[in-house]
Amino acid sequence: MTAAMTAATAQAVVPTARALRWAPPAGVAVLLLLVVGLAGSSGRPADTVLAIAAAGTAATVVGGLHDPAAALLAPVPVSAMRRRLLRLGLLGVPALVLWWVLVSMAPMTVHAGPGPLLALAACGVAVAVWAPERVAVLLGAATPVAVLAVDRVAPAGSTVAEVLGWWLTDPWWVLGAATLVCAAGRHR
Amino acid sequence: MTTTAHSTPSPSTDSGTMLAADGITKAFGSLVAVDDVDLTLGRGIVGLLGPNGAGKTTLLRILATVLAPDRGTLSLLGMDPASPAARTEVRRRLGYLPQSPRLYGGFTPLEMVDYVAILKEHTDRAWRRREAVAVLEAVGLGDRMHKRIRTLSGGMQQRVALAAALIGSPDLLVLDEPATGLDPEQRIALRSVLAETAHRGCVVLSTHNTAEVAALCQHVLVMDAGRICWSGTPAELAGVAEGRVWESDVEEPTALRSWLTGPGTRRHVGTLPSGTTPAVPTVDDGYLLVTRLSR
């Protein structure tokens, strides 16, 4: 990466943050805080609620890749992947803070670390990178929710359930694989 | 200017080649949007005419490095955009206005143009500010540069996007229907801005407005069904209809195309009936004839 590109990316942080639509993530955060707070106050394990929260948070982060001015910005030297990473960084930090708060509100959960959230988000980003342009962000944002939904309805012990459960059982491997898929599409 | 197109002899060259395409093809599934297009363009303004679905936008997106062709080779400003490093270099010297561009409604025009300038790697803030103000003034938005974009009219938003394309004095300017939403005064202002850019670089624009082409472009490419079916100057395009356009009060079943004019007479293009006086041809007539004959 050239010095000019690094400087440009650094200078783009503030305007990119302003270009992001913060109302949907804020709405999702409030909703999740309420739901997890209620589930936590019951004193029962809140794994299902947290799984839904992970998918919801991941979907919201991936949804932040939607850029209304994408067509105008398509042929700028700062690549689409770099602009995606900028958006993900800006949304990812508050998402991780939210996740930490949610986990601390829910007693007796298996979702202790950020791994499951990062794995689901990375899968969504990988889909968004490779999906057709017009539906890329939509499909990417739907991916975490779809993974969770199919994981929940797949017959227990089946191969499908096992594979789709990797985001929970082996999140760092899933994150690594999804990152590689994203890296392979870095020029897209 | 240097301008050649598929199946058209190369005119003499008086400047360097800025854009060269050889056998460019792009398909979306079974639909071939751009079919074996050859182009060589130098400095100046080139107008791309064609009916809806002719492949103009796809061709412009390829020329703007937004889309990669499925086949063929492309050279932009002497570089091959298929290579990521060369593509980035081309993009530093490229301006692009997409069809119906969307902007950030919460930004002001100045902020929007400044943001595009940052992403074009113009990192000197003072220079960027001066340049953003200059291009916004050039497109007639000097007095609106601090208003929120969402409060501006469609034509003004189009001019903000045009200003964003112009920032950094690009050598290659690719504009997809730049005059959409502009009133006559704004169109004239646009012509001045583009004429200035064309002194130092190559401007390729698509339009449905033949009057715009006649007033602005040194060269015209007519596209139909993904192919360049005609190439020449606006005067030559009008000349295609020389002796093949006439007016009458009645329908002419032998005409290739007929339409009612403002004064109530009918204008026709096609084979002139014997004994009929031909009308003075326009770029519109030539365009209609070319697109009819290419099918």
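Of the residues that line the second largest pocket, 17 are nonpolar, three are polar and one is charged; here Ala, Val, Leu, Ile, Met, Phe, Trp, Tyr, Cys and Pro count as nonpolar, Asp, Glu, Lys and Arg as charged, and the others, Gly among them, as polar. Good morning, colleagues. The structure is a predicted model, in which local features need pLDDT of at least 70 and side-chain atom pairs count only at pLDDT 80 or more, while totals for chains, interfaces and linings use all residues. Residues are numbered from 1 along each chain as its sequence is written, chains are lettered from A and ligands numbered from 1 in the order in which they are written, and side-chain values use heavy atoms, with hydrogens and water left out.

Let me stay with that pocket. It holds about 440 Å³ of space. A pocket, on a 1 Å grid over the protein atoms alone, is an open set of points with protein on both sides within 12 Å along at least five of seven lines; a cavity is a set of points where a 1.4 Å probe fits but cannot get out, and lining residues have an atom within 4 Å of a point. Grid points are joined across faces, edges and corners, and a volume is the space filled by probe spheres set on the points. Among the 21 lining residues, A:Leu88, A:Ala121, A:Ala122, A:Val125 and A:Leu175 are the closest to the centre of the pocket. Two or more residues each come from helix 4 (47-63), helix 6 (80-105), helix 7 (115-130) and helix 11 (171-184) of chain A. Helices (H or I, at least four residues) and strands (E, at least two) are DSSP runs, numbered from the N terminus. Which helix gives the most to this lining? Helix 6 of chain A does, with nine residues.

Helix 6 of chain A also holds A:Arg87. This arginine is buried, with a relative accessible area of 4%; buried means under 20%, exposed over 50%, and partly exposed in between, with a 1.4 Å probe and protein chains only. The side chain of A:Arg87 makes a polar contact of 3.5 Å with that of A:Asp67. A polar contact is a pair of N or O atoms within 3.5 Å; within protein, one must be able to donate a hydrogen and the other to accept it, and residues adjacent in sequence count only if both atoms are side-chain atoms. Beyond its neighbours within four places in sequence, A:Arg87 has contacts that include A:Thr16, A:His66 and, from the other chain, B:Tyr104, where contact means heavy atoms within 4.5 Å.

A second residue of chain A to note is A:Gln11, in helix 1 (residues 3-11). A:Gln11 is buried, at 14% relative accessibility. Its side chain reaches the backbone oxygen of B:Thr123 at 2.9 Å. Leaving aside neighbours within four places in sequence, A:Gln11 is in contact with B:Ile118, B:His122, B:Thr123, B:Arg125 and B:Arg128.

Apart from neighbours within four places in sequence, B:Ala163 is in contact with B:Val113, B:Val135, B:Leu136 and B:Val139.

Finally, consider strand 9 (residues 219-224) of chain B, where six of six residues are buried. In a regular strand the side chains alternate between the two faces of the sheet. Here B:His219, B:Leu221 and B:Met223 point one way, and B:Val220, B:Val222 and B:Asp224 the other. Strand 9 runs parallel to strand 4 (residues 44-49) of chain B, joined by four bridges; two strands pair if DSSP finds at least two bridges between them. B:Leu49 stands opposite B:Val222. On strand 10 (residues 227-232) of chain B, which runs antiparallel to strand 9 with five bridges, B:Arg227 stands opposite B:Asp224. Strands 9 and 10 of chain B form a hairpin with two residues between them, and B:Ala225 in the turn has a positive phi of about 50 degrees. B:Ala225 is exposed, at 57% relative accessibility.
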